[in-house]
Amino acid sequence: MEPISILLSQLRDMAREAISILPQLLISILVIVLTYFAASLVRKLVRRIFKNSRMRPSLANLIVILSSMGIWVIGIMVAAIIAFPNLTPTKMLAGLGIGSVAIGFAFKDVFENFLAGIIILLRREMRINDFIECVGLEGKVENILVRETHVRQSDGQLVIIPNSMLFKNPVIIRTDLDQRRTTIICGVAYSEDVERSRSVITAAVVSCESVISDSRPVQVFAQEFADSSINFEVTWWTGSKPLDVRYSRDEVIQSIKSALDDANIEIPFPYRTLTFNESLKVEKQGSE
């Protein structure tokens with residue numbers, strides 16, 4: 001019976017200790033609840049402050065997240081100190097320092113994406129609604145979060161990219177400027193005059209509505225002697241969005257084709273010349 005008595009005595013001691021710290025636990029729970037409401041209030045106030053400001057939405061969201069996290073850290077520390085009076089801020093910070101090493105190894109990718117997200121949000125180059133390309137993924141930036149970025153591809157699919165990927169790899173921002181240069185190759189027959197062909201192509205490109213020719217000149221350069229044609233490199237500037245480029249390319253190709261046809265300048269088919277070492281005998285077969 002002695003082991004049972006010892007066990008019962010230990011249970012009574014634990015019950016007394018639990019009852020003695022029960023008020024402190026209730027106060028700690030109350031502090032956590034107040035922290036929740038305080039964090040919600042801070043989020044609303046910060047959003048209201050930056051609602052009509054010129055600050056980028058992504059940066060405003062970062063400030064909202066960091067302010068809310070700060071309220072939660074303070075609230076949890078206060079609740080822990082109330083629940084455990086022997087726990088001082090110095091001991092808590094020391095414990096956090098030791099625990100952060102283990103947590104850092106366990107959640108390396110999470111913290112890496114988190115820090116990369118903060119740096120991306122602080123940048124001015126990549127913004128929401130920009131069209132970007134990274135490691136073969138291309139689309140419109142719909143949202144920039146702390147851990148990930150949402151990119152909507154041209155076919156409608158949503159791609160969630162970890163921020164560490166955008167931070168470590170080169171990112172092409174296609175809409176960083178309002179204008180973007182576009183190039184096509186156009187070939188004319190060897191029998192055509194090069195300078196005349198260049199003039200016709202240039203006039204056809206300038207006449208297109210989608211081509212920006214007042215501030216940026218249209219450039220047409222003879223590029224090479226191809227197998228069946230003399231190829232021109234035709235370069236012009238248009239809007240930077242992918243749809244702008246596709247629409248302008250379609251309009252320019254149609255305009256060049258019509259202009260060359262009207263000027264009777266040939267766009268040749270591929271020519272092939274066959275050479276035989278021996279003469280060929282041609283026989284004519286009569287109809288039956």
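Cys208 is buried in the predicted model, with a relative accessibility of 6%. Cys134 is buried too, at a relative accessible area of 1%. Both residues count as buried because their values fall under the 20% cut-off. The count of disulfides is zero. A disulfide would need a pair of cysteine sulfur atoms within 2.5 Å.

Three strands form an open sheet. Their order is E6-E8-E7, and the pairing is antiparallel. Strand E6 covers residues 179–188 and strand E7 covers residues 219–225. These two are the edge strands, since each pairs on one side only. From one strand to the next, the twist averages 25°.

Strand E8 spans residues 230–239. Between E6 and E8 there are 10 bridges, and the two strands run antiparallel. Within this pairing, Gln179 stands opposite Gly239 of E8.

Two helices lie across strands of the sheet. Helix H6, residues 194–206, lies across E6, E7 and E8. The direction of H6 makes an angle of about 20° with E8. Helix H7 is formed by residues 242–262 and lies across E6 and E8. Its angle is given relative to E6, at about 30°.

Notes. Residues numbered from 1 in each chain as written. Predicted model: local features only at pLDDT ≥ 70, side-chain atom pairs only at ≥ 80, totals over all residues. Heavy atoms only, no water. Buried < 20%, exposed > 50% of the residue type's maximum accessible area, 1.4 Å probe, protein only. Pairing = 2+ DSSP bridges. Helix = DSSP H or I, 4+ residues; strand = E, 2+ residues; numbered from the N terminus. Axes fitted to C-alpha atoms, helices over the stretch in contact; angles between N-to-C directions. Contact = heavy atoms within 4.5 Å.
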